[in-house]
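Let's take a walk through this fold together, from its sheet to its helices and its core. Have a look at the model first.

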Amino acid sequence: MTFVPYDRPVRAAFVGLGRIYDLNMRGYVANPDVEVVALVDPLEERREQRQADWPEAATFPSVAKLAASGIDVDTVECLLPIPLHADGIIELLDRGWHVNAQKPICNDLAAAQRILDAAKASDRVLRVMENYLFYEPLRKLKAVVAGDDIGEVAGYHVKMVGSGNGGWDVPWSSFEWQLKQIALGRGIMVFDDGWHKLSTALWLFGPVREVRAWIGTTSFGSGIDIDAPAMIGWEHENGVRGVWDITLAPDLYMRSDYYTNDERWEVTGTKGYARVNRIMARGIQQPSVEVYCDGEMRAYHALDDDWASSFRDSGRHWLRYLRTGEGPLMWSAEQAVDVLRFALAAYASSAAGGIGVDPREVI
Ligand SMILES: NC(=O)c1ccc[n+]([C@@H]2O[C@H](COP(=O)([O-])OP(=O)(O)OC[C@H]3O[C@@H](n4cnc5c(N)ncnc54)[C@H](O)[C@@H]3O)[C@@H](O)[C@H]2O)c1
């Protein structure tokens with residue numbers, strides 16, 4: 001790839017102006033690295049709503065109309081529904097634009113290969129954003145684990161409780177494409193939201209060599225089959241084991257400015273533990289990180305634990321990358337494919353009764 005950083009603010013377009021735009025746009029606000037020049041969404045209502053954020057930007061109902069307008073675009077913030085990711089990302093790359101894509105990269109390895117080929121052929125940079133890697137409490141966890149406060153890492157646990165009660169409104173149109181994903185066996189809990197847990201595991205402890213999973217289904221009728229309860233365990237190449245449990249609690253009310261998942265990460269060391277108490281919802285309302293060692297608990301009270309800040313910082317990181325070339329991308333397309341392999345290994349294991357599956361060998 002022959003990418004040369006820009007010596008001027010990059011010219012960016014948003015493609016997809018739905019729910020998650022509200023958080024992704026934060027990296028672009030008052031950012032001298034970028035000029036937002038275009039907004040694309042087939043829904044007029046969305047275009048009008050988002051135009052208020054960027055009065056100077058031109059709006060279009062399709063990428064084709066943006067391309068035909070002659071407006072110069074360097075990079076696209078791609079916020080399309082998951083079923084459109086593969087073809088959508090390829091179209092943007094083929095038009096000669098760098099792409100910051102939402103996770104998951106796509107649904108299967110064949111589509112992933114098409115995307116990688118398109119990035120190579122177009123000589124553009126493809127990033128698959130992972131805002132969790134920019135969430136300050138998780139960054140603190142990573143720093144604690146790398147230090148010697150809790151001793152050697154003995155293992156870790158990720159907990160996720162799904163609830164739809166509380167939080168912000170999610171438009172029905174978002175559920176419609178989620179139903180398509182469910183029908184393809186790519187559920188909301190394991191594949192969509194779960195992507196972040198798998199991604200974070202790779203970021204914290206490196207490559208995974210074996211995955212064992214038991215993925216259940218809870219049916220709410222009309223095709224709404226939620227992929228929980230689920231239990232997924234794995235072993236990293238460094239020998240550390242992780243386990244993730246997904247539980248549904250449909251009537252659980254969670255105070256949240258965003259979605260209502262109750263989540264936590266807990267790493268156990270040989271002489272202590274470190275825990276992130278919450279991410280997107282205000283589940284455990286204690287300091288977001290607590291570290292226990294030698295009979296004492298240290299609590300971090302002043303971290304930026306607003307989940308939205310992770311989107312802001314991820315977006316700023318990408319735009320800085322385009323200006324300076326300073327990485328790592330967090331994540332590159334190839335790293336996103338590693339996360340995809342991790343998820344596919346969990347599905348393969350569960351389908352085969354929970355046997356160990358090496359993510360490097362899934363097809
Ligand atoms: N990082 C995170 O934590 C996080 C959280 C939520 C969603 N997401 C991801 O963000 C993406 C979008 O999710 P969402 O919740 O905003 O969905 P959404 O349904 O609210 O928004 C999608 C938008 O894309 C528009 N769209 C559809 N087809 C289009 C096309 N061809 N061209 C341009 N726009 C088109 C729709 O009209 C809609 O406004 C998904 O990939 C999802 O997985 C990530």
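## A helix across the sheet

In this predicted model, helix H6 (residues 136-146) lies across strand S7 (153-162), strand S15 (262-269), strand S16 (272-276), strand S17 (289-293) and S18, and runs at about 165° to S16. Here helices (H or I, at least four residues) and strands (E, at least two) are DSSP runs, numbered from the N terminus. Axes are lines fitted to C-alpha atoms, for helices over the stretch in contact, and angles run from 0 to 180 degrees between N-to-C directions. Contact means heavy atoms within 4.5 Å.

Helix H10 (residues 333-351) lies across S9 and S12, with an angle of about 50° to S9.

A word on the ground rules: residues are numbered from 1 along each chain as its sequence is written, and side-chain values use heavy atoms, with hydrogens and water left out. As the model is predicted, local features need pLDDT of at least 70 and side-chain atom pairs count only at pLDDT 80 or more, while totals for chains, interfaces and linings use all residues.

## The sheet itself

The sheet is open and mixed in its pairing, with 8 strands in the order S9-S12-S13-S7-S15-S16-S17-S18. Strand S9 (208-215) and strand S18 (296-300) are the edge strands, each pairing on one side only. From one strand to the next, the twist averages 15°. Two strands pair if DSSP finds at least two bridges between them.

On one side, S7 and S15 pair in the antiparallel sense over 8 bridges, and Tyr-156 stands opposite Val-267 in S15. S15 also runs antiparallel to S16, joined by 4 bridges, and here Val-267 stands opposite Ala-274. S15 and S16 form a hairpin with 2 residues between them. S15 is mostly covered, with 6 of its 8 residues buried (under 20% relative accessible area, with exposed meaning over 50% and partly exposed in between; 1.4 Å probe, protein chains only).

Elsewhere, strand S12 (residues 230-236) and strand S13 (residues 241-248) run antiparallel, joined by 6 bridges. Met-231 stands opposite Asp-245 in S13.

## Helices side by side

Helix H4 (residues 85-94) and helix H5 (residues 109-122) pack at an angle of about 5°, with their axes 9 Å apart. They are therefore roughly parallel (under 35 degrees; over 145 counts as roughly antiparallel, 65 to 115 as roughly perpendicular and the rest as oblique). The residues of this contact divide into 8 nonpolar, 1 polar and 3 charged. In this count, Ala, Val, Leu, Ile, Met, Phe, Trp, Tyr, Cys and Pro are nonpolar, Asp, Glu, Lys and Arg charged, and the others, Gly among them, polar.

H5 also packs with H10, at an angle of about 180° and with axes 11 Å apart, which makes the two roughly antiparallel. H5 contributes Leu-109, Ala-112 and Leu-116, and H10 contributes residues including Val-337, Leu-340 and Leu-344.

## The nonpolar core

Which residues have the most contacts inside the largest nonpolar core? They are Phe-14, Ile-105 and Trp-234, in a core of 119 residues. Such a core is a set of buried Ala, Val, Leu, Ile, Met, Phe, Trp, Tyr and Cys residues joined through side-chain atoms within 4.5 Å. H10 supplies its largest share, 11 residues.
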